[in-house]
Amino acid sequence: MTKRTGPPRDPDPPDPPDPPEPPDPLDPLAAPDPSKRALRSRLRAARRERDLTVDPPTRQRAAADLSRHITTELLRRHPRPRRVAVFLSLPTEVPTEALLADLLAAGIEPLVPVLLDDKDLDWVVWTASGDPSRLSERLGLHGIASCDVVFVPAMAIDAQGRRLGQGGGSYDRALPRRRPGAPVVAVVADEEFGLQPLPSEPHDEAVDAVVTPGGGWVALPLR
């Protein structure tokens, strides 16, 4: 039986108990509680709220804008990329479907993660069919080392490149296996990239850039 491919997190994980202050879905990064758990709770609430108001044409435009920003900058910064790691977006995230198709059209192989039982990541080459049952053979935990650039999901990114993930620790384990010097680029919605510092721990890896549909590719840290 083929293991589900996709981002290493529950599509709608249960929120922890509400913090004392009520969440503000319009500005989740400005809330007073800086803990990772509280921030994730507010950001998930904001994503669900946003998902209720975004119509299909708006979502398609965001997907096209994201793909255009990434493919343009990717080819400018890495003239001959052979393979990149990409994630399969959840319904509440900026869609990566158009990006996957455009990478294939440009002759660049996308690798996508396969979530293992222990929350670590295996890797497979994405195909035009988009059918997980027809994906190529597993490349193993070190498949990420064959990628020129690694695109990762995030709940939020700050100006110094600190990344707030979903909390499962999958990318914390996977990123140290990437090729030395391979940049890590986060993909988030426009409002999930901000200047306010995010909480960080010693094992957290900073990202080298962030891409949003409205703001494009931004190198980090900001000076």
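What volume does the largest cavity have? About 50 Å³. A cavity here is a set of points, on a 1 Å grid over the protein atoms alone, where a 1.4 Å probe fits but cannot get out.

This is a predicted model, in which local features need pLDDT of at least 70, side-chain atom pairs count only at pLDDT 80 or more, and totals for chains, interfaces and linings use all residues. Residues are numbered from 1 along each chain as its sequence is written, and side-chain values use heavy atoms, with hydrogens and water left out.

Now the sheet. Seven strands make an open, mixed sheet in the order β3-β2-β1-β4-β7-β9-β10. Strands are DSSP runs of E, at least two residues, and helices are runs of H or I, at least four; two strands pair if DSSP finds at least two bridges between them. At the edges sit β3 and β10, each pairing on one side only. From one strand to the next the twist averages 30°, with axes fitted to C-alpha atoms and angles running from 0 to 180 degrees between N-to-C directions.

| Strand | Residues |
|---|---|
| β1 | 83-85 |
| β3 | 121-125 |
| β4 | 149-153 |
| β10 | 216-219 |

β1 and β4 pair in the parallel sense over two bridges, and Val84 stands opposite Val149 in β4. Helix α2 (residues 56-77) lies across β1, β4, β7, β9 and β10, at about 50° to β10.

Back to the cavity: the structure holds one of 30 Å³ or more, volume being the space filled by probe spheres set on the points. Its lining (residues with an atom within 4 Å of a point) includes Arg47, Phe87 and Glu192.

Notes:
Contact = heavy atoms within 4.5 Å. 1 Å grid on protein atoms, 1.4 Å probe; cavity = no way out; pocket = protein on both sides within 12 Å on 5 of 7 lines; lining within 4 Å.
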